[in-house]
Amino acid sequence: MSDDTGLVSAYASDAERDAEVSVRPRRLAEFIAQHRVRDQLDLLLKGAMGRGTPPDHILLSGPPGLGKTTLANIVAAELGAGIRVTSGPAIERSGDLAAILTSLAEGDVLFIDEIHRIAKPAEELLYSAMEDFRVDVVVGKGPGATAIPLDVEPFTLVGATTRAGLLTGPMRDRFGFVAHLDFYEPADLEVLLHRSAGILSVPITPDGAVEIAGRSRGTPRIANRLLRRVRDYAEVRAAGVVDRETARAALTVYDVDELGLDRLDRAVLGALIGSFGGGPVGLSTLAVAVGEQPDTVEEVCEPFLVRAGLLARTPRGRVATEAAWRHLGRVPPPGALGGPGSGTGSTRGTVPDKPDLFNFEA
């Protein structure tokens, strides 16, 4: 997918990851929300420390921006261990992974982000390392090649993925603990915003936190990003305090509306409704209409639009719901998905049977 770093994108650029470090919780007790996952991790880590052994390997799945990297660092901090950080796309050869594994000290944490994108040869090497703490390094080529077994110090692998379904069965089965992170409730984001504002020395009122939390798509990374942008506006054009009026004015400048939609989100809905009559329309056609790559529309825009009940993905294409028509100030036609004429009061209903004139994909 494209490296989209828009204001309400859950993906982060390298520069923003550096900015996030200061507001990330460093202990499990400081981690906000995700109560079920937090309690389970607490039991796992305390049990392992009581036995004096590394905990089972941990797989964290869920949409971007919810705290998977933060939890990996917390695991290392709670264990008092070192952490090595890499990503699946960066491990192209099995030798790259073998070099990392053999350099780990006993009890270290190895964090692999986007682990579903790891190369197949490296994945197969990882199997024996996870189970037996051993890797076989092949030296030479052809008939003279030999496999040299190398011992690996006991370690804990923390894998993170935004697409758990792309993990192979053998890889998934080797994790002793699997956790899925859910989107945050607005009340949890308000607590997070007050904490981040305190760390950044940003004066914020309760109604200011409510306003920002409501536009953050249930994602901590977006909430912290919006807080920094509202802080800029408050310092330059207001009294320096982040209150409701200042937050509204700032987010209007940055094209983030009351639902958290940005320019690209509204462009997708606008094209779907204005150019294609609400759909159904194919992904590639819709992407061309808004001047973006299909993977950007599919991975950056659609997850939130579907979750917000503004767009439905169907076998015949994308369809705008009645809520999308009304959000753009348009009158939905009879039979709009989710409306009284569609046969369902939910966006999970069936699409009206009409010719698909705009779905050019096979």
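Is S275 buried or partly exposed? Select S275 and show the surface: at 47% relative accessibility, S275 counts as partly exposed (buried is under 20% relative accessible area, exposed over 50%, partly exposed in between, with a 1.4 Å probe and protein chains only). Before moving on, know that this is a predicted model, in which local features need pLDDT of at least 70 and side-chain atom pairs count only at pLDDT 80 or more, while totals for chains, interfaces and linings use all residues. Residues are numbered from 1 along each chain as its sequence is written, and side-chain values use heavy atoms, with hydrogens and water left out.

**The whole chain**

Zoom out and switch to cartoon. The protein chain has 14 helices and nine strands (DSSP runs numbered from the N terminus: H or I of at least four residues for helices, E of at least two for strands). Of its 362 residues, 47% count as buried. The chain exposes about 16700 Å², and carbon and sulfur atoms supply 52% of that (areas by the Shrake-Rupley method with a 1.4 Å probe; for residues, only the protein chains shown count as cover). Now think about contacts, meaning heavy atoms within 4.5 Å. Among those between residues at least 6 apart in sequence, 68% join residues at least 24 apart.

Go back to S275, which lies in the loop between helix 11 and helix 12.

Next, colour helix 11 (residues 263-274) and helix 12. They pack at an angle of about 115 degrees, with axes 9 Å apart (axes are lines fitted to C-alpha atoms, for helices over the stretch in contact, and angles run from 0 to 180 degrees between N-to-C directions). Show side chains for L264, A267, V268, A271 and L272 in helix 11, which meet L286, A289 and V290 in helix 12. What classes of residue make up this contact of helix 11 with helix 12? Eight are nonpolar, with no polar and no charged ones (Ala, Val, Leu, Ile, Met, Phe, Trp, Tyr, Cys and Pro count as nonpolar, Asp, Glu, Lys and Arg as charged, and the others, Gly among them, as polar).

On the helix 12 side, pick L283, S284, A287 and V290; they meet P294, V297, E298 and E302 in helix 13. Those residues divide into five nonpolar, one polar and two charged.

**Helix 8 and its cover**

Select helix 8 (residues 206-214), where the buried residues are G208, A209, E211, I212 and A213. What covers them includes helix 7 (186-200), helix 9 (220-237) and helix 10 (244-253).

Hide all but helix 8 and helix 10. Their axes come within 7 Å and cross at roughly 30 degrees, which makes helix 8 roughly parallel to helix 10. The contact is made by D207, G208, V210, E211 and I212 of helix 8 and R244, A247 and R248 of helix 10. By class, that is three nonpolar, one polar and four charged residues.

**Loop stops**

Now for some single residues. Most residues other than glycine have a negative phi. D255, in the loop between helix 10 and helix 11, has a positive phi of about 60 degrees although it is not a glycine. D255 counts as partly exposed, at 39% relative accessibility. A33, in the loop between helix 1 (14-20) and helix 2, also has a positive phi, near 65 degrees. A33 is buried, with a relative accessible area of 5%.

Jump to H57, in the loop between helix 2 (35-51) and strand 1 (58-61). H57 is buried, at 6%. Leaving aside neighbours within four places in sequence, its contacts include M130, F133, F155 and F177.

Last stop: A119, in the loop between strand 3 (109-113) and helix 5 (120-132). A119 is buried, at 19%. Select E92 too: it is 27 residues from A119 along the chain, with the C-alpha atoms separated by 5.5 Å. Not counting residues up to four places away in sequence, A119 touches I91 and E92.

Methods. Angles under 35 degrees count as roughly parallel, over 145 as roughly antiparallel, 65 to 115 as roughly perpendicular and the rest as oblique.
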